[in-house]
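Trainee: Could we walk through this structure together, one question at a time?

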Amino acid sequence: MNFDFTEDQHEIKKTARDLLGSRSSFAKVREAAEGKAYDDGLWKELVELGWPGIAIAEEHGGGGLGAVELAILSEELGYALAASPFLSTVTAAEAIGAAGTPEQQAAWLPGLASGEITGALGTAGGLVGDAEAAAVIVLVGEDGVARLLPRAEADVTPVDSIDPTRRAARVSGEGEPLGGESTAGVDRATIVVAAELVGVSQRALEMTLAYVKERKQFDTPVGAYQAVSHKCAQMLKDTEGARSATYFAAWAADAEPERLPEASSLAKAASSDGARDVTASAIQAHGGIGFTWEADVHWLYKRAQVDAALLGGSGTHRARLARLLAARLAPAAA
Amino acid sequence: MDLTFSDSEAAFRDELRAWFESNDPGEMPSGDDASYAFRREWQRRLAEDRYAAVHWPEEYGGRGASITESAIFFEELGRARRPLPANVLGILLAGPTIMTFGTDEQKERYLSPILTGDEIWCQGFSEPEAGSDLASLKTRAVKDGDEWVITGQKVWTSGAQYSKWCMLVARTDFDVPKHKGLTYFLMDMEQEGVQIRPLVQITGEPEFNELFIEGARVPDENVLGGVGNGWRVALTTLMNERSGLAFFLQVRLRQLLDELIEEAAERGLLDDPVVADKLGYLHMKAEILRLTAYRGLTTIEKYGTPGPEGSLTKWMWSETNQELAQFAADLLGADALTTGNRWAYELLRSRGNTIEGGTTEILKNIVAERVLGLPRLKGASA
């Protein structure tokens with residue numbers, strides 16, 4: 001058993017951390033959020049690196065790597081809070097790749113892999129990130145069936161969500177169902193969202209630690225007080241717990257797909273609760289400054305809130321876990 | 001990343017399953033003495049086939065198992081619903097500490113009877129005035145010829161009434177900073193100077209005891225790791241405290257949760273969305289615990305030292321076990337509040353989980369200082 005990344009996977013993580021550290025600073029994130037526009041240069045660079053297509057099959061022009069590598073990139077983009085259509089595009093590609101017909105895959109995956117087009121994925125009635133600019137939208141209905149909508153067939157109403165680092169919209173339209181098992185596609189997409197939430201949590205934790213080591217009251221760094229340090233310990237516990245669940249889910253998605261439904265719900269429930277709590281604690285531990293527009297912690301809190309609701313909040317996933325468990329342990333009652 | 005077990009790990013698991021299958025000691029009898037004797041006999045059987053301490057080196061009767069294999073052993077022990085061996089403190093704490101600091105004579109003398117359960121061990125660390133602040137302990141050892149004379153009081157000593165030996169930390173030097181004046185002794189419990197008084201816990205059981213030590217004698221050769229080196233030796237014991245056992249506890253928690261779900265199903269409660277939500281939540285927490293414990297194994301095997309996740313599992317387990325027991329009480333009502341009911345027992349026993357083996361508050365201090373690098377408040381120490 002090796003519950004750690006391979007050397008190549010560590011390398012991907014490090015490369016992403018370094019690159020995004022210089023290209024997607026909080027100053028850049030703020031610029032994109034306040035200007036309501038993404039940094040095209042950043043997206044171009046990500047496309048040149050092949051990131052949007054990293055997990056798309058090679059026959060469709062992708063990198064042919066797995067859900068773990070995709071989760072690594074998603075986590076790092078979450079850590080950087082990068083303002084880009086990455087998450088929207090790769091989640092659409094995951095759904096189409098896992099549940100699309102050969103025709104649907106051939107129609108959309110090459111464009112998504114090359115970065116020629118972007119995609120979007122979300123639930124009917126929910127906020128769908130980056131739908132306006134997307135060429136193709138995967139919309140999950142209340143019945144759980146994922147439908148594929150070319151942009152021209154989708155009714156897209158842009159809205160300002162509380163997270164200005166990502167463009168949001170409400171979407172409706174008929175489209176056509178993905179040909180295969182929708183659930184598998186949506187579950188794989190859900191893991192990518194969970195990974196982004198882990199990255200957001202990690203960043204919030206690190207920012208908080210830096211702040212409470214520096215900030216002094218009563219001549220003492222506030223991080224020395226147990227009311228603060230124990231809160232930080234809790235943030236670590238929430239972050240690491242969500243990380244365990246999310247890495248497991250990413251691994252299971254490829255290696256043990258029969259565990260995908262449970263693993264995906266586990267990851268999303270843990271990472272949604274975790275990121276909301278961790279980013280809220282980050283604001284609290286920063287005190288008054290944490291509540292200002294000027295400090296950067298609020299971007300993390302906002303991303304966590306919107307991501308937590310994407311593809312089902314933790315309540316939805318806990319209910320699903322309970323159903324899966326009941327079916328296993330008490331099939332007669334279920 | 002590959003969460004499948006290696007062929008040899010899987011083979012070891014299969015071997016253990018088969019062994020536990022064909023070695024069933026039957027139902028554990030009730031009553032402290034009877035159940036202890038039962039676990040002692042169980043340990044003898046384990047030792048006969050070299051399963052009592054798989055993580056010990058082969059030369060001492062173990063199997064030289066890796067940390068992952070040791071985790072597998074405890075998982076399978078729990079899964080088969082077999083009890084922990086009677087001398088669990090000897091196997092997990094005293095043995096490895098003696099292997100690290102003991103002289104050849106000490107290893108020769110003590111290790112084998114630990115393994116067979118012929119000699120039971122208890123842990124004499126905590127005192128009434130020295131709990132989380134262990135280094136402030138006051139039990140004193142004074143040199144008298146080639147012996148040490150020990151006087152003081154210890155508390156929370158599990159299994160003292162069955163023990164032949166005690167891992168005892170006492171102060172041998174009062175003139176140096178508190179961590180420096182300590183010495184680790186291997187003390188014979190069978191002497192006049194050691195009196196044991198059972199401490200009844202909130203469940204009504206006397207799992208642990210107070211030790212009153214009045215002029216007990218320990219020969220020089222029973223100092224472990226050198227005079228004045230007791231703090232370092234004691235830390236080695238404490239670091240072993242949360243090793244393989246975590247996997248046994250993790251599996252037991254899983255079993256309890258599954259049984260609660262079955263009980264909820266029998267009562268037709270699974271359709272209640274509030275119940276389902278809470279069960280989904282507990283399942284999530286149990287899985288996070290299991291997966292985080294596995295991540296911890298990989299970190300230790302790959303990098304030699306525990307990662308951040310290593311400090312979290314005891315905290316996660318104790319918290320989840322309490323939440324589970326509390327939810328059982330909500331779900332089952334009067335049944336779970338009636339003495340004799342297993343859930344009533346869990347409701348009481350689980351309160352100890354966040355205290356025993358390091359309180360959650362101390363664990364948070366450790367995480368804050370050693371993992372997160374936060375400054376230490378003056379006077380407080382993890």
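This is a predicted model: local features need pLDDT of at least 70, side-chain atom pairs count only at pLDDT 80 or more; totals for chains, interfaces and linings use all residues.

Trainee: Which domain ranges is chain B divided into, and how far apart do the centres of domain 2 and domain 3 of chain B lie?

Mentor: Happy to start there! Chain B is split into domain 1 (7-86), domain 2 (121-236) and domain 3 (242-371). Domain 2 of chain B gives four residues to its contact with domain 3 of chain B, which gives seven. Between the C-alpha centres of these two domains, the distance is 31 Å.

Trainee: How do helices α7 and α8 of chain B run relative to each other, roughly parallel or roughly antiparallel?

Mentor: Look at residues 245-266 for α7(B) and 273-303 for α8(B): these helices pack with their axes 10 Å apart, at an angle of about 165°. Angles over 145 degrees count as roughly antiparallel. Therefore α7(B) and α8(B) are roughly antiparallel.

Trainee: Which class of residue has 12 members in the contact of α7(B) with α8(B)?

Mentor: From α7(B), the contributors include B:Phe247, B:Leu253 and B:Ile261, while α8(B) brings B:Val275, B:Leu282 and B:Leu289, among others. Two residues of this contact are polar and two are charged. The 12 others are nonpolar.

Trainee: Which helix gives the most to the side of chain A that touches chain B?

Mentor: Good one to finish on! Here 43 residues of chain A are in contact with 44 of chain B. On the chain A side, the elements giving two or more residues are α7, α8, α9 and α11. With 14 residues, the one that gives the most is α8(A).

Notes: Residues are numbered from 1 along each chain as its sequence is written. Chains are lettered from A and ligands numbered from 1 in the order in which they are written. Domain bounds come from an automatic or database domain assignment. Two residues are in contact if their C-beta atoms, placed from the backbone, lie within 7 Å. Axes are lines fitted to C-alpha atoms, for helices over the stretch in contact, and angles run from 0 to 180 degrees between N-to-C directions. Helices (H or I, at least four residues) and strands (E, at least two) are DSSP runs, numbered from the N terminus. Angles under 35 degrees count as roughly parallel, over 145 as roughly antiparallel, 65 to 115 as roughly perpendicular and the rest as oblique. Ala, Val, Leu, Ile, Met, Phe, Trp, Tyr, Cys and Pro count as nonpolar, Asp, Glu, Lys and Arg as charged, and the others, Gly among them, as polar.
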